[in-house]
Amino acid sequence: MIASEYAKKGCALIVSPDDTCGVDTLTRDKEAMDRLYEKGYQDAEKIHHFIES
């Protein structure tokens, strides 16, 4: 079984960005980096919910 199948069953949590918000590794666009940071912060809530269940 692959990791995504475990995740669908609720047995695993895959921690990776599902969207980079248009940011690449060499960006200096502060607004884009802030958007990506906020998205990551919001996505981190999934970890908390996963651990509690």
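Close-up 1. K46 is partly exposed, with a relative accessible area of 46%, where buried means under 20% relative accessible area, exposed over 50% and partly exposed in between, for a 1.4 Å probe and with protein chains only. The structure is a predicted model, in which local features need pLDDT of at least 70 and side-chain atom pairs count only at pLDDT 80 or more, whereas totals for chains, interfaces and linings use all residues. Residues are numbered from 1 along each chain as its sequence is written, and side-chain values use heavy atoms, with hydrogens and water left out. The side chain of K46 meets that of D43 in a salt bridge of 3.9 Å, N to O, the term standing for a side-chain nitrogen of Lys or Arg within 4 Å of a carboxyl oxygen of Asp or Glu. Both residues belong to helix α2 and are three residues apart, about one turn of the helix; helices (H or I, at least four residues) and strands (E, at least two) are DSSP runs, numbered from the N terminus. D43 counts as partly exposed because its relative accessibility is 21%.

**Close-up 2. The salt bridge between D18 and K39.** Side chains of opposite charge can pair when their charged atoms come close. Here D18 and K39 form a salt bridge, with an N to O distance of 2.6 Å. This pair links distant parts of the chain, since D18 sits in the loop between α1 (3-9) and α2 while K39 is in helix α2, 21 residues apart. D18 is exposed at 59% relative accessibility, but K39 is buried because its relative accessible area is 18%. D18, K39, D43 and K46 are linked in a network of salt bridges.

**Close-up 3. The salt bridge between D34 and K30.** In this pair the closest N and O atoms are 3.1 Å apart. D34 and K30 are separated by about one helical turn because they lie four residues apart in helix α2. D34 is partly exposed, with a relative accessible area of 36%, and K30 is exposed, with a value of 56%. By the rule used here, the count comes to four salt bridges.

**Close-up 4. The largest pocket and its lining.** The volume of the largest pocket is about 260 Å³. Of the 14 residues that line this pocket, I14, V15, S16, P17 and D43 are the closest to its centre. On a 1 Å grid over the protein atoms alone, a pocket is an open set of points where a 1.4 Å probe fits, with protein on both sides within 12 Å along at least five of seven lines, and lining residues have an atom within 4 Å of a point. The lining divides into seven nonpolar, two polar and five charged residues.

**Close-up 5. A nonpolar surface patch that includes I51.** L13, V15, I47 and I51 form a nonpolar patch on the surface, and together they have about 360 Å² of accessible area. Patches are made of residues with over 30% relative accessible area and no salt bridge, nonpolar side chains (Val, Leu, Ile, Met, Phe, Trp, Tyr) being joined within 5 Å and like charges within 9 Å. I51 lies in helix α2 (residues 30-52) and counts as exposed because its relative accessibility is 63%.

Key: Accessible areas come from the Shrake-Rupley method with a 1.4 Å probe; for residues, only the protein chains shown count as cover. Grid points are joined across faces, edges and corners, and a volume is the space filled by probe spheres set on the points. Ala, Val, Leu, Ile, Met, Phe, Trp, Tyr, Cys and Pro count as nonpolar, Asp, Glu, Lys and Arg as charged, and the others, Gly among them, as polar.
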